[in-house]
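Here is my note on the model you sent. The points follow in numbered order, with cut-offs given where a term comes up.

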Amino acid sequence: MSLLAVRVGAGVLVLLALVTLRGKRWAYFAFVVLGLLYFPAQTHFRVHVPKCEQILPTVQVLVLSLHNYAYIALFAGFYWMSWVQFRRADARGVWALLATLLVGVLVEIAEGMTMPGRGHCRVRDLVPDAAGALGAALLLAVWSWLRRKPAYVRLVKPRSATAPYPAAPTSRAAVPPRGVVPPPPPPPPPSRRVVPPPPDFSPGPSPVTPAADMAPTHEVAPRERGVGGAIAARRAVVQHLRAILGRLKEMLRRLWGTIRRHRRTVVVGGITLALVGAGAFVILSLPAPAPVVTEQPAPPPEPPPPPPRPLQSEAEGYYEPSYKFTVSDRRFTRLTLRPQPFVTFSRIGTRDEVGCADARISPAAVHLRCEFERVGIAVTIEGQFPSRTVTSRLDAPVLDAMVTVTNTRGETLFRARQPFYWHAPD
């Protein structure tokens with residue numbers, strides 16, 4: 001997929017997300033469908049059966065998975081979009097969380113179906129999805145609590161039950177008859193004396209008379225120690241536990257009432273989750289397709305290794321010295337190693353070949369002793385091959401040897417180091 005297509009697709013998804021936050025249901029479903037189609041579009045809709053990793057992550061893997069901040073942010077935004085869509089539901093947070101987790105599972109399956117080389121279908125990849133959803137749920141709950149309007153309470157001042165209603169004034173004042181002296185008016189009640197507080201502001205006697213209906217105070221006996229105190233503490237704990245159990249029963253009764261009132265929604269949601277879970281299990285349980293193996297053409301056979309070059313010590317031919325010396329009217333002209341070692345002396349009109357009884361020839365060195373009994377001389381040759389392989393160059397010496405010629409009395413007639421040049425046999 002080209003970079004331009006990726007940018008256009010991202011722009012369309014961002015636009016659908018903004019429309020979804022306005023409460024449009026069609027934009028919400030379009031966002032989900034296009035987001036899931038993004039993965040097969042990258043492989044030109046070439047899909048295969050996913051092979052997902054269903055191993056539960058360890059604590060270390062969970063901590064590492066929480067470092068995937070991109071997925072945490074994306075699924076936090078998707079939870080916000082789902083929370084806006086379920087605004088009329090009673091448990092909108094729960095439904096939004098379930099929708100976010102369902103989309104996370106579908107994303108993992110889509111990655112496993114279309115991106116075998118780059119994507120991963122793993123259970124541990126749902127950890128950042130759930131973390132983003134829970135973080136968004138916490139932020140939205142705090143935001144809703146801050147924006148909640150306070151309830152108005154009507155305050156009514158209670159009336160006193162003992163105070164009688166005042167009598168209606170008479171339209172005409174009562175006049176005593178003549179000759180009757182009215183009784184004197186009663187004296188005014190004595191004024192109450194208010195005791196000022198002491199100079200050190202310590203509490204003094206209360207000037208207010210206690211009400212008649214107030215119960216008299218009585219001194220509470222100190223708490224008994226020992227067995228009696230333990231029994232009283234145990235009774236208090238039992239009463240506290242009974243109160244908690246009563247509250248729990250009340251909460252369960254309210255929850256059951258909520259479920260009964262919305263039983264149709266609960267049944268539909270349970271069936272939907274069961275079907276989605278069964279479908280995901282079936283898809284993940286399918287065997288992966290066998291890889292297509294293309295038969296590769298057999299490589300051409302390797303050429304046989306070249307035969308080893310013949311050794312110079314095994315080559316047939318003769319060796320000519322650079323200096324052809326003369327001893328006892330005989331001229332030393334050549335040396336032959338193969339097939340039989342011998343040396344050649346020549347004289348005008350004749351050529352004598354003298355065999356070598358003592359001959360030791362190796363790939364690196366040569367040792368020859370040839371006796372010319374008719375003339376009374378012995379030729380000893382000790383030399384080495386500078387190059388062990390045969391060469392066709394006629395100007396390159398192939399044998400460097402020390403040539404020694406002695407007579408029958410052991411006197412040295414000739415001794416010199418000679419380079420020899422090889423020639424093919426005649």
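**Notes on pockets, cores and the disulfide**

1. The second largest pocket is lined by 19 residues, of which Phe86, Trp95, Ala99, Leu102 and Thr272 lie nearest its centre. A pocket here is found on a 1 Å grid over the protein atoms alone: an open set of points where a 1.4 Å probe fits, with protein on both sides within 12 Å along at least five of seven lines. Lining residues have an atom within 4 Å of a point. The volume of this second pocket is about 540 Å³, taken as the space filled by probe spheres set on the points, with grid points joined across faces, edges and corners. Its lining divides into 13 nonpolar, four polar and two charged residues. Ala, Val, Leu, Ile, Met, Phe, Trp, Tyr, Cys and Pro count as nonpolar, Asp, Glu, Lys and Arg as charged, and the others, Gly among them, as polar. Helices α2, α5 and α8 (263–285) each supply at least two lining residues.

2. A word on the source. This is a predicted model, in which local features need pLDDT of at least 70 and side-chain atom pairs count only at pLDDT 80 or more, while totals for chains, interfaces and linings use all residues. Residues are numbered from 1 along each chain as its sequence is written, and side-chain values use heavy atoms, with hydrogens and water left out.

3. The largest pocket holds about 860 Å³ of space. Its lining has 28 residues, with Leu13, Phe31, Gly35, Tyr38 and Leu74 nearest the centre. Of the lining, 26 are nonpolar, two are polar and none is charged. At least two residues each come from α1 (3–20), α2 (25–42), α4 (69–85) and α5 (92–114).

4. The protein chain has eight helices and nine strands. These are DSSP runs numbered from the N terminus: helices are H or I, at least four residues, and strands are E, at least two.

5. Ser82 lies in helix α4. Its relative accessibility is 0%, so Ser82 counts as buried. Beyond its neighbours within four places in sequence, Ser82 is in contact (heavy atoms within 4.5 Å) with Tyr28, Ala96, Ala99 and Thr100.

6. Which residues touch the most other members of the largest nonpolar core? They are Tyr319, Leu335, Val343, Phe345, Leu368, Ile381 and Phe420, out of 28 residues. Such a core is a set of buried Ala, Val, Leu, Ile, Met, Phe, Trp, Tyr and Cys residues joined through side-chain atoms within 4.5 Å. Elements giving two or more residues include β3 (330–336), β4 (342–347) and β9 (412–423). A second, separate core of 13 residues includes Leu16, Ala17, Phe31 and Met81.

7. The whole structure has one disulfide, defined as a pair of cysteine sulfur atoms within 2.5 Å. It joins Cys356 to Cys370, S to S 1.6 Å. The link of Cys356 and Cys370 is right-handed, with 65° about the S-S bond. Cys356 is in strand β5 and Cys370 in strand β6, so the pair ties together parts 14 residues apart in sequence. Both Cys356 and Cys370 are buried.

Notes
Buried < 20%, exposed > 50% of the residue type's maximum accessible area, 1.4 Å probe, protein only.
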